[in-house]
Amino acid sequence: MGCDEKREPAGGLLRVKDIPELTQDHCRMRDPAKVERIINEFVLGGPERMQIVSDFDYTITKQRTEDGGAVPSSFGIFNACQSLPENFKEETDKLYHKYRPIEIDPHMPISEKVQYMIEWWTKSGELTSGFAFDQSEIDQIAEKYKHALRDRTHEFFADLQRLGIPTLVFSAGLGNSVVSVLRQANVMHPNVKVVSNFLQFRDGLLDGFQQPMIHTFNKNETVLGGTEYYDLVHNRDHIIVMGDSLGDADMAAGVPASSHIMKIGFLFDHVEANMEKYMNTFDIVLVDDQTMDVPRTLLALIEKQHQLNLLAGKQSSL
Ligand SMILES: C[n+]1cn([C@@H]2O[C@H](COP(=O)(O)OP(=O)(O)O)[C@@H](O)[C@H]2O)c2nc(N)[nH]c(=O)c21
Ligand SMILES: [Mg+2]
């Protein structure tokens, strides 16, 4: 790290004030000097040290669409399927009304909330059991929302694939819906991994969710322990974290403390009331930004330096 600090990108250190996407009114930073420092680390480290961790609902999907139509969450896509039992919606709604206030209670400590969340996901899994179900139902509904991804999501995922950057899409929702939307939007490239709750089947009938359960408070890199994906990313200490909920900022928990993490938060609801918390939690807060332009800007800076390095390497070997 010490030597990184002495090195500079070709053309000198990058300045936030010279990066137009980061000087837009809706792009806020509590500590622009920190953002600047991380950007320069990222650019010097190159794509080989990068990984992305992104939430799905309302981070990859839009918070607001042009036609004003609501975008369902991944659980919402499942709930819209035809062959769910009659009482399914009613029962899962009851659970939502009981547990959602606990999930977002600003006073209860997280250690206490965890048990309630395990209860919620367990009960929801029990309701999601004992009936026949076909993935094609999810695919049909998800197809309608493949255009509800942020503008330039396709380009963003193409950038990540080109640069060989492992991309983790994290969701405490339903993985079958997440993968279906990403596949149908043609962004489910080999460098993309979805960690979420996937439907489990037994004897042809639904049997809840597969393990490990991903809930609001274990939705972070600690659940990757021992997986192939962990082996792939554990040396990649330059991390972009993207989310729309405050809790999403912790998705990189579990990576080495020496990592450089840029947290990007998409803020849409109750902007005034939430602004301070978002500013204290994320390095960059994007207010009503329904695009992938800011994360793409960071990738473009990294790629530009990478190209220069490749060129310099070629010339020195001549
Ligand atoms: C078990 N369960 C949890 N949730 C909610 O689904 C969310 C999924 O979490 P997420 O995908 O990590 O967050 P995001 O939707 O903010 O992007 C949780 O935060 C819960 O509020 C749920 N929502 C529905 N509709 N049905 C469920 O069974 C259910
Ligand atoms: Mg979200």
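Asp-244 has a relative accessibility of 15%, so it counts as buried; the cut-offs are under 20% relative accessible area for buried, over 50% for exposed and partly exposed in between, with a 1.4 Å probe and protein chains only. Keep in mind that this is a predicted model, where local features need pLDDT of at least 70, side-chain atom pairs count only at pLDDT 80 or more, and totals for chains, interfaces and linings use all residues. Residues are numbered from 1 along each chain as its sequence is written, chains are lettered from A and ligands numbered from 1 in the order in which they are written, and side-chain values use heavy atoms, with hydrogens and water left out.

Now for what Asp-244 does with its side chain. The magnesium ion (ligand 2) is coordinated by Asp-244 (OD), along with Asp-55 (OD) and Asp-57 (O), at 2.0 to 2.2 Å. Donors here are N, O and S atoms within 2.8 Å of the metal (3.2 Å for Na, K and Ca), and since water is not among the atoms, sites may look incomplete. Along the chain, the donors of this magnesium ion (ligand 2) follow the spacing D-x1-D-x186-D. Helices (H or I, at least four residues) and strands (E, at least two) are DSSP runs, numbered from the N terminus. Asp-57 is buried too, with a relative accessible area of 13%.

S7 and S8 run parallel and are joined by six bridges, with Ile-239 opposite Ile-261 in S8.

Over at S4 (residues 192-197), five of the six residues are buried, so to speak mostly covered. Its partner S3 (residues 167-174) runs parallel to it through five bridges, and Leu-174 stands opposite Asn-197 in S4. To get from S3 to S4 the chain passes through helix H8 (residues 175-184), a β-α-β crossover that is right-handed: with the strands pointing away from the viewer, the path from the first strand over the helix to the second runs clockwise.

Next, the aromatics. The structure holds nine aromatic pairs, counting rings of Phe, Tyr and Trp (its six-membered ring) with centres within 6.5 Å; planes under 30 degrees apart are stacked, over 60 edge-to-face and the rest tilted. Tyr-96 and Trp-120 have ring centres 5.7 Å apart and planes at 75 degrees, so this pair is edge-to-face. Tyr-96 belongs to helix H4 (residues 88-103) and Trp-120 to helix H5 (residues 110-127), 24 residues apart. Tyr-96 is partly exposed at 41% relative accessibility, whereas Trp-120 is buried at 10%. Trp-120 also pairs with Tyr-99, with centres 5.9 Å apart and planes at 15 degrees, so that pair is stacked. Elsewhere, Phe-78, Phe-88, Phe-131 and Phe-133 form one aromatic cluster.

Terms used. Two strands pair if DSSP finds at least two bridges between them.
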